[in-house]
Amino acid sequence: MSTTILVGLQWGDEGKGKIIDVLTKDVGMVVRFQGGNNAGHTVEIGNDKYVLHLIPSGIFRKKTKNIIGNGVVVNPVILKEEMEALSQSGVSFKNRFEISTRSHLIFQYHCLIDGLKEQQRNPEKKIGTTKRGIGPTYGDKAARRGIRALEMLDIKRFESRFREEAEYYNTILEGFDFEKVDVETEWRKLKEAAEFLAPYIKDTVLTVNKAASSGKKILFEGAQGMLLDVDYGTYPYVTSSNTTTGAACTGSGLSPKYITEIYGVMKAYCTRVGEGPFPTELFNEEGETIRKIGSEFGATTGRPRRCGWFDAVSAKYSCMVNGTDKLAITKLDVLDKLKTLKVCTAYEIDGIQYKAMPSDTELMEKAKPIYEEMAGWQSDTSKAKSFDELPLQAQNYLKWIAELVNADIGIISVGPKRSQTFTVFP
Ligand code: IMP
C-alpha cells in the first residue's frame with residue numbers, strides 16, 4: 001500500500017502537474033482535494049501540451065482513476081468544457097472519473113463578486129485573484145449557503161437553489177452598480193452542465209476509502225502552494241483553501257492513517273503571480289532572464305509571473321508544515337546560463353534577523369533577503385538523465401538547497417518533457 005500526497009512548497013506553479021504525471025505511471029488513483037479552476041497544471045506529452053484546471057493530472061494514464069474530492073470547488077460549466085476538450089483529444093472518462101457529491105459549486109455570481117471585492121479594495125491591498133470565484137465560493141461553504149454537486153442530480157431542486165442564490169447576489173451586485181448575472185442565460189448553461197456531469201457525481205469518500213483499504217496506490221494532487229495556504233501563507237495574499245498536506249484528508253474523506261509518503265515540489269528559484277510579499281523578487285535583468293527562459297507566464301490567466309532567487313527561509317517553513325519526505329526540484333535548467341546564483345538564507349526585518357518566516361505579513365513585506373551565493377554551472381543540464389550526469393556545480397546547488405530546507409531530493413526536472421525528469425535516491 002502506498003498513499004502519496006504531493007504539494008507545492010512555494011507560491012504555486014512549481015511544476016506539480018508534470019511531477020504528478022511522472023509519478024502516476026504506476027498509481028491506481030489520483031485525487032484533487034482543494035482549490036478549483038484557479039489552478040493550471042501543464043503536462044507535455046510528446047509534442048502535445050495540455051493545461052488542466054480542474055481534472056486531476058492522472059487523466060492521461062489510461063488505467064488511473066481520477067477523483068475530484070469534496071474539498072475542491074467546481075465550476076460545472078468550466079468542468080464540462082474541460083472534459084469535452086480532453087475527450088476530443090481521445091481521453092476517456094468512462095468509469096475512471098468521479099466528482100464528489102459534496103464538492104461546492106462555483107457560479108457566475110461568485111466570479112462577479114470576486115471581481116467586485118477586488119475592485120472595492122484599496123489599490124495597495126488588492127490580492128490579484130484569478131477572478132475564478134474561488135474565495136466567494138469557499139465563503140459560501142463556510143457561511144452554509146453553498147450549493148453542492150449532489151444538487152445537480154435533481155434538476156428542479158438545482159434550478160430553484162441557483163435562482164434563489166443568483167437573485168440574492170444580483171441584489172448585492174446591483175447595489176454596487178456592478179455587472180449582474182443574466183439568470184436565464186446562466187441557467188441554460190448550468191442545466192446542460194448538470195446533465196452532462198450527472199453520471200460522474202458520486203460519494204467519492206466511499207471510492208477513495210475503498211481504494212485505500214484494498215491497497216491501491218493513491219496520489220493526492222495539491223494545487224497552488226504552501227505560501228498561498230489560507231492559514232500558513234502570506235495572508236491575506238493567499239488563496240481561500242488549505243493547500244498543505246493536512247487538507248488531503250479533509251478534502252477527500254480519507255483518514256491520515258493511510259498516508260505513507262509526502263512529496264514537496266519546488267522550483268530551483270521562486271515565482272509568484274498576484275500581489276503580496278516576495279522577499280527575493282528580482283526587478284533587474286536576471287529576473288527578466290528567468291522569466292524568459294522559464295516561460296514564466298500564468299497557465300490560467302497568462303499574467304507574467306514575478307521571478308526571484310530561491311528563498312530557503314519560506315521553503316524550510318513549508319517543508320516543516322507539510323512534513324516533506326522528498327523534494328521534487330523543477331526547472332533547474334532555467335538557471336543554466338546564470339553566472340552567479342543567490343539563495344536567501346535569512347530575512348532582515350527592522351534590523352532583526354529572522355531564520356523562520358514571520359506570521360505577520362506586514363513584517364514579511366519589510367523583509368530584506370540575506371543572501372549566500374555560489375558560482376553558476378553555466379552549461380546545459382536539460383539533457384541529463386541522472387543526478388551524476390549533472391555538472392558538479394549543479395549537483396552542489398541542489399544538495400545545498402535540499403540541506404537548507406531539511407528534506408531529501410527525490411526527483412529532479414530539467415525541462416518540460418516527460419523524459420526530462422529523473423529520480424534521485426539519497
Ligand atoms: P484566487 O485563488 O483566485 O482567489 O487568487 C488568490 C491568489 O492566489 C492570487 O495571488 C492568485 O494569483 C494566486 N493563485 C491562485 N491559484 C494559483 C495557481 O494555481 N498558481 C499560482 N498562483 C495562484
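**The ligand shell and selected backbone features**

The shell around the ligand is made up of six nonpolar, seven polar and two charged residues (Ala, Val, Leu, Ile, Met, Phe, Trp, Tyr, Cys and Pro count as nonpolar, Asp, Glu, Lys and Arg as charged, and the others, Gly among them, as polar). The model is predicted, and local features need pLDDT of at least 70, side-chain atom pairs count only at pLDDT 80 or more, while totals for chains, interfaces and linings use all residues. Residues are numbered from 1 along each chain as its sequence is written, and side-chain values use heavy atoms, with hydrogens and water left out.

Among the 15 residues around the ligand, those that come nearest are Asp 13, Asn 38, Thr 130, Thr 239 and Arg 303 (near: a heavy atom within 4 Å). In the side chain of Asp 13, an N or O atom is 3.2 Å from a nitrogen atom of the ligand. Arg 303 places a polar side-chain atom 2.9 Å from a ligand oxygen atom. Of the 470 Å² that the ligand exposes when taken alone, the protein buries 96% (Shrake-Rupley method, 1.4 Å probe).

Turning to the helices, helix 3 (residues 108-120) packs with helix 4 (residues 134-142) at an angle of about 115 degrees, and their axes are 7 Å apart (axes are lines fitted to C-alpha atoms over the stretch in contact, and angles run from 0 to 180 degrees between N-to-C directions; helices are DSSP runs of H or I with at least four residues, strands runs of E with at least two, numbered from the N terminus). Helix 3 and helix 4 are therefore roughly perpendicular (65 to 115 degrees).

Two loops deserve a look as well. Tyr 235 and Pro 236 are joined by a cis peptide bond with omega of about 5 degrees; Pro 236 sits in the loop between strand 10 (218-221) and helix 8 (246-250).

Note on methods:
A polar contact is a pair of N or O atoms within 3.5 Å; within protein, one must be able to donate a hydrogen and the other to accept it, and residues adjacent in sequence count only if both atoms are side-chain atoms. Angles under 35 degrees count as roughly parallel, over 145 as roughly antiparallel, 65 to 115 as roughly perpendicular and the rest as oblique.
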